[in-house]
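I opened this model to look through its helices, its core and its surface. My notes follow in the order in which I checked things.

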Amino acid sequence: MQLFNNTFNVLENSLNYATAKNRAISNNISNVDTPGYKSKDVSFGNVLNGALEAERTNARHLSFTEGQKAGYHKFERSGTTYNHNGNNVDIDKEMTELANNQIYYQALVDRMSGKFRSLENVIKGGGA
């Protein structure tokens with residue numbers, strides 16, 4: 001028996017992604033002047049694919065999630081250099097991504113809180 005529906009799992013994975021993204025952005029910002037440092041990023045694609053898994057009606061159809069684990073993928077941005085010391089951190093881009101990620105994270109927390117308030121309301125009998 002599953003206590004929570006898939007929405008909680010998707011929200012949890014999304015919060016984990018936002019936390020990892022914030023950590024990567026923070027590391028990039030703190031290493032803006034480190035010679036040779038290559039910025040890091042996190043990809044969310046696998047979480048989204050898991051949430052949007054389509055039903056296969058035929059064994060010959062391709063699976064959206066086959067061979068992929070739910071979660072996120074960390075990677076290094078290489079092949080670019082913005083500074084004379086080999087560093088590729090663009091501070092303006094990182095600050096923009098940090099602000100966007102904070103808004104995203106807060107929206108997820110608000111949604112999760114709403115789901116728990118709904119469960120609390122059901123447990124209490126629907127009355128306030």
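Entry 1. I looked up Ile 91 and found it in helix H3. The model is predicted, so I read every value here as computed from that prediction.

Entry 2. I then asked which residues Ile 91 touches, leaving aside neighbours within four places in sequence. I noted Ile 29 and Val 32 as its contacts. Ile 29 lies 62 residues from Ile 91 along the chain, yet I read a C-alpha separation of 6.5 Å for the pair.

Entry 3. I turned to the layout of the chain. I counted three helices and two strands. Reading along the sequence, I wrote the pattern down as α-β-α-β-α. For contacts between residues at least 6 apart in sequence, I noted that 73% join residues at least 24 apart. The pair Ile 91 and Ile 29, at 62 residues apart, is one I had already logged.

Entry 4. Next I checked burial. The chain has 128 residues, and buried ones make up 24% of them. Which residues form the largest nonpolar core? I listed six: Phe 8, Leu 11, Leu 15, Ala 18, Leu 108 and Met 112. Two elements, helix H1 (6-30) and helix H3 (91-123), each give two or more residues to this core. H1 gives the most, with four residues.

Entry 5. Last I went over the surface. The accessible surface of the chain comes to about 8800 Å². Carbon and sulfur atoms account for 53% of that surface. I marked a nonpolar surface patch of about 310 Å², made by Phe 116, Leu 119 and Ile 123.

Entry 6. Why does Ile 123 count as exposed? Ile 123 is exposed because its relative accessible area is 73%, and the cut-off for exposed is over 50%. I placed Ile 123 in helix H3.

Methods: Residues are numbered from 1 along each chain as its sequence is written. This is a predicted model: local features need pLDDT of at least 70, side-chain atom pairs count only at pLDDT 80 or more; totals for chains, interfaces and linings use all residues. Side-chain values use heavy atoms; hydrogens and water are left out. A nonpolar core is a set of buried Ala, Val, Leu, Ile, Met, Phe, Trp, Tyr and Cys residues joined through side-chain atoms within 4.5 Å. Buried means under 20% relative accessible area, exposed over 50%, partly exposed in between (1.4 Å probe, protein chains only). Contact means heavy atoms within 4.5 Å. Accessible areas come from the Shrake-Rupley method with a 1.4 Å probe; for residues, only the protein chains shown count as cover. Patches are made of residues with over 30% relative accessible area and no salt bridge: like charges are joined within 9 Å, nonpolar side chains (Val, Leu, Ile, Met, Phe, Trp, Tyr) within 5 Å. A salt bridge is a side-chain nitrogen of Lys or Arg within 4 Å of a carboxyl oxygen of Asp or Glu.
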